[in-house]
Amino acid sequence: MRTRGTLRLATRGSDLARRQAALVQEALEERRYEVELVTVETTGDQIRDELIHRLGKTGAFVRELDERVLEGEVDGAIHSMKDMPTDQPDELVTAAVPERGRPGDVLVTPDGATLGELPDGATVGTSSLRRRAQLLSERPDLEVEPLRGNVDTRLEKLLAPSLQAEHQERSEADKERKGNVGDEDFEPEYDRTVDEWFDELSELEKQALGREVETEYDAIVLAEAGLERSGLDHSVDYRQLSPTTFVPAPGQGALAVTAVDGETADDLQTLLDHPRSRVETTAERTVLAELGGGCIAPIGVYAVLQGEYVRTTVTVFDRDGEESVTASRDLPVEHHAEAAREFAADLADRGAAELIEAASEEADPASEEPEGN
């Protein structure tokens, strides 16, 4: 191993990105390495009012971090793997894939409803082409509306309408209570005053109460790993969406540490790499790379290591979820990357290539969309 010094690792500045980077930092510090996290504001962070798929460059949240690595300003960069483009400079490698978090998506609602329990014509928020297509495939009646922001921002947008309505009702009930002071027959609608109710709200709910409502969402879809890593999974009601049917993005739930090929990259792999997570995400991203489409087509890939095989499920949709190509295959673990390429080629021949080409034609010439959380 190289002489130990402080490892400088780049990360985006969002709360979730910093929390994820802290996981890597803690793992290295447990092995007695000194780690400095260097926050980089990317193009994706700067353009806050546009949908992610209009950023115009695959890896808008990734490229600028890796540029710092290539220029020698930092030793490595920490990414959400699902946001990484499948192509990268020759001298750059994915040095480490730490143990993966939960790979699936969750449906978050104010009352814990399932996807099937949402009312007809319900409004569901997501800016992911894949999630939109999968939602419409299962529930064509849904209104799928754009949703951007950090995890807490998205949750606030979901919770705001119902909390504001309840606040209004409780405020009116308080006025009625005050107007009937001394009336022994009066029974208040609520046991607590509006101030007592407010004091018992979580910080997330208090922030939501003050948020301006532009779109009223009945539900939103998020990555479960992002929800957990944000520390907000206990603050909302949600239902897990099975990754074998609501197939997640390739690499979802996984982190990746990139570095220049060499001694530092070797050290990071030795210290951080989780073999199972490496195999599963390699299978997923190999399928994505072979199919192409990247962020312009709704593609889900989910791989699970099962003994000597990697069970891999792939779904490719058109943008409205009306047509799809779906298949699962057991890939031999000893040559899973090669087998993943063959699987993807077979899917392309079965119609996946046509769906991806059609999605590309529908896309804005400069539009590409990382998954987001």
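1. Basis. The model is predicted, so local features need pLDDT of at least 70 and side-chain atom pairs count only at pLDDT 80 or more, while totals for chains, interfaces and linings use all residues. Residues are numbered from 1 along each chain as its sequence is written, and side-chain values use heavy atoms, with hydrogens and water left out.

2. Setting of R276. This residue lies in helix 10 (residues 275-291); helices are DSSP runs of H or I, at least four residues, numbered from the N terminus. R276 counts as partly exposed because its relative accessibility is 38%, the class between buried (under 20%) and exposed (over 50%), with a 1.4 Å probe and protein chains only.

3. Neighbours of R276. Leaving aside residues up to four places away in sequence, R276 touches V304 and L305 (contact: heavy atoms within 4.5 Å). A polar atom of the R276 side chain lies 3.0 Å from the backbone oxygen of L305.

4. Largest cavity. Its volume is about 60 Å³. A cavity is a set of points, on a 1 Å grid over the protein atoms alone, where a 1.4 Å probe fits but cannot get out; lining residues have an atom within 4 Å of a point. Grid points are joined across faces, edges and corners, and the volume is the space filled by probe spheres set on the points.

5. Lining. Of the 12 lining residues of the largest cavity, Q20, S80, K82, R229 and G253 are the closest to its centre. Helix 8 (residues 224-229) gives the largest share, 3 residues.

Definitions and conventions:
Helix = DSSP H or I, 4+ residues; strand = E, 2+ residues; numbered from the N terminus. Polar contact = N/O pair within 3.5 Å; in protein donor to acceptor, adjacent residues only side chain to side chain. 1 Å grid on protein atoms, 1.4 Å probe; cavity = no way out; pocket = protein on both sides within 12 Å on 5 of 7 lines; lining within 4 Å.
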